[in-house]
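Dear colleague,

Please find below the structure that I am handing over to you.

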Amino acid sequence: MQKYVISISRQFGSLGRPIAKKLAELLEIEYYDRDIVEKASKVHNIPLKEASNLEESAKYLFMSFPLGSGTTATQDALFKTESEMIKKLAVKESCIIVGRCADAILEDCDHLIRIFIYAPYEDRIVNCVNDLGMDTKAAKRMIRDVDKARDAYHMRYAGYLPNDMNHMDLMVNSATLGVDMTARLLAEVVRDKFS
């Protein structure tokens, strides 16, 4: 098989992360997610929690602070570092990159497949309760807040929402097949496309 990169964007509670991990296992390739943020935070000597919070507050920073202010500048610097890391990974090896606007960062990459994983709202609540141990109220709040933060981050740095079908190659409802079958389906698509 030729080298390829899979970018995965997802709704909170859609089980996108476990699907991505299973897909990496099936394809026997590397999986990158939070470790990109962790490495970028070390480069900038910022605690991981602060770097994560900067990602999650993109909307508020964009609307509240003038460009060039300290917090916004730090957020932009983190994004630039993460972008450079993502580009290096795409050149180096076949891999899966979850989030981080990888679909936009690698848009000119000819061996990229962009996937968006979603699920109906009620299924996402059930996933949060069953898989993440949240109560229903907390699940609803997290779905609202994390989706809003991801949308704002993606809009700021990619210029479009993560679920924009004009920028995705595949959009999959994870509630239809569940984690294992969705991962197996995606593995078959990737193998067929890049074999």
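**Overall architecture**

The chain contains nine helices and five strands; helices (H or I, at least four residues) and strands (E, at least two) are DSSP runs, numbered from the N terminus. The model is a predicted one, in which local features need pLDDT of at least 70 and side-chain atom pairs count only at pLDDT 80 or more, while totals for chains, interfaces and linings use all residues. Residues are numbered from 1 along each chain as its sequence is written, and side-chain values use heavy atoms, with hydrogens and water left out.

Along the sequence, the elements follow the pattern β-α-β-α-α-α-α-β-α-β-α-α-β-α. Of the 195 residues in the chain, 49% are buried, where buried means under 20% relative accessible area, exposed over 50% and partly exposed in between (1.4 Å probe, protein chains only). The chain exposes about 10100 Å², and carbon and sulfur atoms supply 52% of that area; accessible areas come from the Shrake-Rupley method with a 1.4 Å probe, and for residues only the protein chains shown count as cover. Among contacts (heavy atoms within 4.5 Å) between residues at least 6 apart in sequence, 71% join residues at least 24 apart.

**The largest pocket**

The largest pocket has a volume of about 710 Å³. The search runs on a 1 Å grid over the protein atoms alone: a cavity is a set of points where a 1.4 Å probe fits but cannot get out, whereas a pocket is an open set with protein on both sides within 12 Å along at least five of seven lines, and lining residues have an atom within 4 Å of a point. Grid points are joined across faces, edges and corners, and a volume is the space filled by probe spheres set on the points.

At least two lining residues come from each of β1 (5-10), α1 (16-27), α3 (48-56), α7 (121-132) and α8 (136-158). Helix α8 gives the most, with six residues. By class, the lining has 13 nonpolar, eight polar and nine charged residues; Ala, Val, Leu, Ile, Met, Phe, Trp, Tyr, Cys and Pro count as nonpolar, Asp, Glu, Lys and Arg as charged, and the others, Gly among them, as polar.

V146 lies in helix α8 and counts as buried, at 18% relative accessibility. The C-alpha atoms of V146 and G13 are separated by 9.5 Å, although these residues are 133 residues apart along the chain.

**Aromatic pairs and the chain ends**

Five aromatic pairs are found in a search of the whole structure. Rings of Phe, Tyr and Trp (its six-membered ring) pair if their centres lie within 6.5 Å; planes under 30 degrees apart count as stacked, over 60 as edge-to-face and the rest as tilted. Y4 and F194 form a stacked pair, with 5.1 Å centre to centre and 20 degrees between the planes. Because Y4 lies in the segment before β1 and F194 in helix α9 (residues 174-194), this pair ties together parts that are 190 residues apart in sequence. Y4 is buried at 3% relative accessibility, and F194 is buried with a relative accessible area of 3%.

F116 and Y118 are also a stacked pair, with 6.4 Å centre to centre and 15 degrees between the planes. F116 is buried at 4%, whereas Y118 is partly exposed at 30%. Ring pairs also link F79, Y153 and Y157 into a cluster.

Beyond residues up to four places away in sequence, F194 touches M1, Q2, K3, Y4, H111, L112 and I113. F194 and K3 are 191 residues apart in sequence, yet 7.6 Å apart in space, C-alpha to C-alpha.

**Individual residues**

S7 belongs to strand β1 and is buried at 1% relative accessibility. Leaving aside neighbours within four places in sequence, S7 is in contact with I97, A102, D103, L112, I113, R114 and I115.

L15 is in the loop between β1 and α1 and is buried at 19%. C101 lies in the loop between β3 (95-98) and α6 (102-105) and is buried at 2%.

With kind regards
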